[in-house]
Number of protein chains: 2
Amino acid sequence: MFHMAPKFVRPHIRQMEGYTPGEQPSAGERVVKLNTNENPFPPSDRVMRAIREIEPEMLRRYPNPTADVFRNKAAKLLGIEKNMILTGNGSDDILTIAARSFIGAGGTLAYPEPTYSLYPILAQLADAKTVTVEWAGDWALPIEALVATKADAIFLANPNAPSGTFVPPSEVAKLAEEFNGLLLIDEAYADFAEANCLSLVLKYPNVMVTRSFSKAYSLAGLRFGYAVAQPAVIHEMMKVKDSYNCDAISACAAVAAMEDQEYAARSWNHIKGERARLTEELRQLGWSVLPSQANFILATCPGGRGRETYLGLKQQGILVRFFDKPGLTDKIRITIGTSQENNALLGGIKGLSATDKAA
Amino acid sequence: MFHMAPKFVRPHIRQMEGYTPGEQPSAGERVVKLNTNENPFPPSDRVMRAIREIEPEMLRRYPNPTADVFRNKAAKLLGIEKNMILTGNGSDDILTIAARSFIGAGGTLAYPEPTYSLYPILAQLADAKTVTVEWAGDWALPIEALVATKADAIFLANPNAPSGTFVPPSEVAKLAEEFNGLLLIDEAYADFAEANCLSLVLKYPNVMVTRSFSKAYSLAGLRFGYAVAQPAVIHEMMKVKDSYNCDAISACAAVAAMEDQEYAARSWNHIKGERARLTEELRQLGWSVLPSQANFILATCPGGRGRETYLGLKQQGILVRFFDKPGLTDKIRITIGTSQENNALLGGIKGLSATDKAA
């Protein structure tokens with residue numbers, strides 16, 4: 001729908017498009033949904049129990065402004081101080097708070113491209129510039145080029161989306177060392193990777209790591225995430241967040257999820273196993289698949305027809321993600337599902353090739 | 001705790017203090033809590049049932065980005081179009097989105113003072129100026145003075161906090177007519193008042209009304225609120241909000257709360273009745289009490305010792321709110337509680353006077 005933007009809206013907001021979330025089929029629709037990187041397994045029973053046991057009094061009163069029950073639990077599990085943790089209404093909330101804390105109007109946000117398509121939106125909302133740097137060969141971190149941007153902040157998704165590729169912490173450390181601004185490492189997918197950058201936070205005052213419960217703990221609908229950084233950084237971000245940015249239920253459910261590490265780890269192991277299998281099978285079908293450390297893979301279609309493949313699968317009730325962006329039009333991003341879902345995807349892809357041959 | 005603010009934090013954030021939420025005693029503490037304007041009654045049973053019936057699948061998947069189930073329900077109840085509604089993670093989220101949409105760095109936010117102490121914080125976060133205008137006599141709307149600020153936006157809490165006073169919609173309409181910027185009417189307490197400004201939204205493209213579930217529906221812990229404005233305004237704010245700013249549980253619980261109007265209205269009626277009784281009894285004790293249309297009253301202590309009264313009540317396990325601000329130091333703000341809580345407060349106050357006389 002077209003609207004004339006009212007003149008009292010800030011000009012840079014009138015001019016922008018806004019972020020487009022991935023397609024969400026309605027509740028009743030029967031689709032194999034491998035397009036938005038949700039965990040294919042339900043949340044832990046402990047989470048569901050914690051939610052069922054929410055007391056009316058917890059809802060009647062304002063929640064603890066800093067979700068301290070969660071911060072105490074996470075601090076213990078991660079072996080850090082509680083005042084190094086900031087909780088958010090999803091890690092998107094954390095990214096927004098970070099953009100507002102570190103990037104001003106006319107400032108600069110830098111990141112290697114392609115990456116999470118929310119980052120340029122956050123820069124636009126801050127009325128700031130975006131400087132994108134191409135990934136080096138084999139999706140390696142372009143350290144010197146990023147430092148040369150002299151940006152106020154660098155956002156680095158690691159593992160990266162939509163590539164699934166991973167930059168070793170030793171490389172990220174080099175960037176942290178040479179860069180003077182805030183380096184935010186978006187670890188939304190870290191639980192599916194072989195390592196993470198948490199320890200860099202202790203060494204570098206300009207490093208922040210963000211985490212999400214959406215993927216690793218099957219809680220995308222709950223909206224809970226957190227940031228880890230040195231206390232002086234967290235202290236400043238506390239001023240920027242909404243007073244009660246995390247509700248009483250989500251904080252409680254996140255604690256229950258974190259307490260059931262065994263359950264979560266089983267889903268991570270399954271996903272890693274299926275990721276290896278899907279990669280292998282697609283390669284045998286002539287696809288080129290990037291080595292992934294996330295819960296999705298970025299795969300290049302034989303013949304390079306990303307959009308046609310996406311649409312062909314959609315016709316069969318299989319949703320994957322297609323990005324109409326330079327360097328990505330010959331690819332689709334596939335979320336790792338259950339074994340059955342992944343088999344359905346492979347079947348759908350084989351069906352497409354058969355149609356191709358018949359045509 | 002003192003921290004050296006890192007140099008990569010934006011200067012205006014380093015310099016600010018941040019918002020201080022009201023005191024929240026820990027779960028086990030036995031206090032009569034009349035300090036943060038929560039509803040004294042628990043949420044509707046329907047809300048608790050909706051939460052107990054949350055399915056794992058609702059949490060595993062991303063929520064609907066615009067909480068459409070709620071928007072459909074609210075649109076029907078309010079008799080407006082769905083695209084005139086924006087939902088938020090509490091009405092604080094809505095206020096933040098509004099500040100980011102309408103007030104830029106170097107811009108101006110105006111409001112009559114005293115009012116909700118979050119407003120200047122939102123202006124500071126936007127690196128904007130604040131122009132405060134004193135309320136006219138008897139807490140009337142200072143229309144000309146507000147228009148003369150030529151601000152980018154005016155925020156008007158109506159009923160106002162901490163005074164509880166109410167500006168009739170006809171007066172607000174005059175302001176909307178003469179003012180060119182965005183006029184946000186914060187109706188967090190509107191359900192306790194005799195009227196509201198919702199109809200102004202249809203007439204004036206620069207008017208927005210915000211609502212909260214914290215007080216009227218006993219859901220402060222849930223974080224849910226919404227804005228009503230013309231579609232072109234809502235369209236712009238949609239770009240600014242986080243993609244999934246409302247979680248699946250809160251949207252669902254808010255629908256259940258809104259469906260039980262009868263239950264909510266009972267609590268509003270009780271609160272209005274107790275508000276009249278408390279006002280009357282305090283006046284008989286020599287207090288001066290402003291006529292309130294909110295779920296709290298602002299009362300001037302005999303002798304003008306606001307802080308001493310606050311501390312004296314606190315010693316008796318009764319929490320009220322004291323504001324150390326010009327024009328408020330001789331007053332305390334008392335949230336209307338259950339009949340028993342209000343009796344405890346009256347008893348506590350009588351106890352204080354007795355001590356005074358004995359001394």
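A charge sits over a ring if NZ of Lys or CZ of Arg is within 6 Å of the ring centre and within 35 degrees of the ring normal. In chain B of this predicted model, the charged end of Arg333(B) meets that test over the ring of Phe296(B), 5.4 Å from its centre. In chain A, the charged end of Arg333(A) sits over the ring of Phe296(A), 5.4 Å from its centre.

A word on conventions. Residues are numbered from 1 along each chain as its sequence is written, and chains are lettered from A and ligands numbered from 1 in the order in which they are written. Local features need pLDDT of at least 70, side-chain atom pairs count only at pLDDT 80 or more, totals for chains, interfaces and linings use all residues, and side-chain values use heavy atoms, with hydrogens and water left out.

Start with the two chains.

Chain A holds an open sheet of 7 strands in the order S2-S8-S7-S6-S5-S3-S4, with mixed pairing. Strands (E, at least two residues) and helices (H or I, at least four) are DSSP runs, numbered from the N terminus; two strands pair if DSSP finds at least two bridges between them. Strand S2 (85-88) and strand S4 (129-134) of chain A stand at the edges with a single partner strand each, so one side of each is left without a neighbour in the sheet. Neighbouring strands are turned by 20° against each other on average, direction ignored (axes are lines fitted to C-alpha atoms, for helices over the stretch in contact, and angles run from 0 to 180 degrees between N-to-C directions).

Strands S6 (residues 182-186) and S7 (residues 207-212) of chain A run parallel, joined by 4 bridges. Leu183(A) stands opposite Val207(A), and Ile185(A) has Val209(A) as its bridge partner. Helix H4 (residues 68-78) of chain A packs on the sheet, touching S2, S7 and S8; its direction makes about 125° with that of S2(A). Helix H10 (residues 231-240) of chain A also touches S2, S7 and S8, at about 30° to S2(A).

How many residues of S7(A) are buried? The count is 6 of the 6, so the strand is largely enclosed by the rest of the structure (buried means under 20% relative accessible area, exposed over 50%, partly exposed in between, with a 1.4 Å probe and protein chains only). Val207(A), Val209(A) and Arg211(A) lie on one side; Met208(A), Thr210(A) and Ser212(A) lie on the other.

Finally, the rings. The whole structure has 32 aromatic pairs over all chains (rings of Phe, Tyr and Trp, its six-membered ring, with centres within 6.5 Å; planes under 30 degrees apart are stacked, over 60 edge-to-face, the rest tilted). Tyr111(B) and Tyr119(B) pair edge-to-face, 5.8 Å centre to centre with 65° between the planes. Both are buried.

Terms used:
Contact means heavy atoms within 4.5 Å.
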